[in-house]
Amino acid sequence: MPLTGIRVLDLTRIISGPYCTSILADMGAEVIKIESPGEGDPVRAQGVIRDGLSWYFANYNRNKKSVTLDLYTEEGKSILRRLIPSCDVLVENYRPGIMEKMGFGAAALQALRPDLIHCSINGFGTSGPYRDRPAFDFIAQAMSGFMSLNGGENDPPMRAGPPVSDLVAGMNGALGVLAALLRRERTGRGDAISVSLMSSMIGLLSFQAANYFASGELPPRTGNDHGIVAPYGLFETADGQVAIAPSNDAMYEKFLDALELRSLRSHPEFRTNADRMRNRASIKAAIEARTRQQSSRYWIERLNQYGVPCGQVLNLREVFDDPQVADQEMAIDVPHPDGQQVRMLGFPIKFAQAPCRARSPAPPLGADTDEVLRGLGLPESRIQELRAAGAI
C-alpha cells in the first residue's frame, strides 16, 4: 500500500486528528493511537452506541492500534520517549505549548528522532494572539467568515451540518504529512507542520474572498443561489426540487435548450450573467414556470442528455441506496471482534494499484498495549509493573 512501512504515533482525539491519522492508516501506515487508561478517546462514548461500541469512533479509528498510556506519569512519558524514535510521524491536536509542558517540545523531539515529522492540528495556529484559545468546529466556522456566507439573504449566519473545519484540518494535516515524507525522501530532513481549524476554513473561502479582496465589498448570503452566477440553485418541479448548476454562458445556453425556453436568450433582462444576477428572482420564476410542468426524474434525465449538471437533494438513506454510491463502495461493512458488522464510510480516494482497505476494525481500548511495549523490548515483568502502577 502507498504508506506501508510508515509508522505514525497518534496523540489525537475527537475528530480533526483522528481523521488525519485515519487517512494515513487507510493508505497503509501503521498507526499507534495513544489513549488515556480507563477512558480513552472521548468519542468512544459519543454518537450511537451499539453493544458497547460507538460507530462514530469505529469510523475514524479503523486500521489503528490502541495503546493506553498515562502521560501525566513519568513512567508513561518514559515509554513515549522510547516509542518516538521508532516512528516516522507524530500527530497531535493539543493546544500549542502543551507538548512543550509535557517535555516533548521541538528540541526534545529533534533529539529523540532528528528526521521526525511532527504535525500539530490546533484551533488557531502555533503563534498569534489566539494561539492558546480552545476551539471546536463551530467556533472555527464562525470566526473564519465561513458562517457569514451560509444561509439566505435575510437569515442569520448558518453553520454547515458536518464538522467541516475538523475534517478539512484533518485532510490538510494528512496532506502536509505526505508532502513532508516526500521531502524527507529527498533531503533526509524531518519537519514540523502546523494546521489550524480556522486557517483551514479560511482556505475554503474561494471566490468570495477573491471578490472581497478585489472590491472591498462584503459578499451577501445567497442561500442555494450562487454568489456570482445566475440562474443556479434549487428549482421546483412537479413533485419536488432539482439542483441545477449551469455555471457559465455556454452551459446556460444548453439549459435553455433543454427547457425549450430559447426565447429567454433575447429577453433584455437576461442577456448577460450580470443582467441575470440583477434579475435573479425574475429568471428563476420564468424557469420554474417550465420545470413545474414535469417531475424531478424527467428533468434530471433530460438535463443530463444536454450535459447540464443537475441532481436531486438526497437524504442519507437515499444517498446510501444510490447505485452510483454503491458502485463507488462509499459504505463498507467491517467485522468487529464482538460479532458486529459495522457499516462505515468507504474510501473517497481510489488507487488503481494499491487501494485503501479496512485491514482491521477500530481497536478496543488498550488492545495493543502489550504488543507495542514488547516491541520496545520491555519484559513481561516490567509491563505488569507499569499496569499495576496505572501507567498503562
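In this predicted model, helix H10 (residues 249-259) packs against helix H13 (residues 296-305) at an angle of about 130°, and their axes sit 9 Å apart. As for handedness, H10 goes past H13 in a right-handed crossing. On the H10 side, the contact is built from Phe-255, Asp-257, Ala-258 and Leu-259, while H13 brings in Trp-299, Arg-302 and Leu-303. Sorted by class, this contact of H10 with H13 comes out as five nonpolar and two charged residues, with no polar ones.

H10 also meets helix H12 (residues 280-291). Here the axes come within 10 Å and cross at roughly 35°. Tyr-252, Phe-255 and Leu-259 are the H10 residues involved, and they face Ile-283, Ile-287, Arg-290 and Thr-291 of H12. The class count for the contact of H10 with H12 is five nonpolar, one polar and one charged. Phe-255 and Leu-259 turn up on the H10 side in the contact with H13 and again in the one with H12.

Of the protein's 392 residues, 45% count as buried. Looking at contacts with a separation of 6 or more, 68% are between residues 24 or more positions apart.

Then there is the end of the chain. Ile-392 belongs to the segment after helix H17 (380-388). With the cut-off for burial set at under 20% relative accessible area, Ile-392 counts as buried because its relative accessibility is 8%. Neighbours within four places in sequence aside, the contacts of Ile-392 are Pro-37, Thr-68, Leu-69, Ile-79, Thr-369, Leu-373, Ile-383, Leu-386 and Arg-387. Ala-238 is another matter: Ile-392 and Ala-238 are 154 residues apart in sequence, and their C-alpha atoms are 62 Å apart in space.

Most residues other than glycine have a negative phi, and most peptide bonds are trans. Against that background, the peptide bond joining Ala-230 and Pro-231 is cis, with omega at about -5°. Pro-231 sits in the loop between helix H9 (206-215) and strand E9 (233-236).

Two residues show positive phi values. Asp-51, not a glycine, has a phi of about 50°, and its place is the loop between strand E3 (49-50) and strand E4 (53-54). Since exposure is called at over 50% relative accessible area, Asp-51 is exposed because its value is 69%. Ser-206, also a residue other than glycine, has a positive phi near 50°, but Ser-206 is found in helix H9.

Methods. Residues numbered from 1 in each chain as written. Predicted model: local features only at pLDDT ≥ 70, side-chain atom pairs only at ≥ 80, totals over all residues. Heavy atoms only, no water. Axes fitted to C-alpha atoms, helices over the stretch in contact; angles between N-to-C directions. Helix = DSSP H or I, 4+ residues; strand = E, 2+ residues; numbered from the N terminus. Left-handed = near helix turned anticlockwise from the far one by under 90°. Contact = heavy atoms within 4.5 Å. Nonpolar A, V, L, I, M, F, W, Y, C, P; charged D, E, K, R; others polar. Buried < 20%, exposed > 50% of the residue type's maximum accessible area, 1.4 Å probe, protein only.
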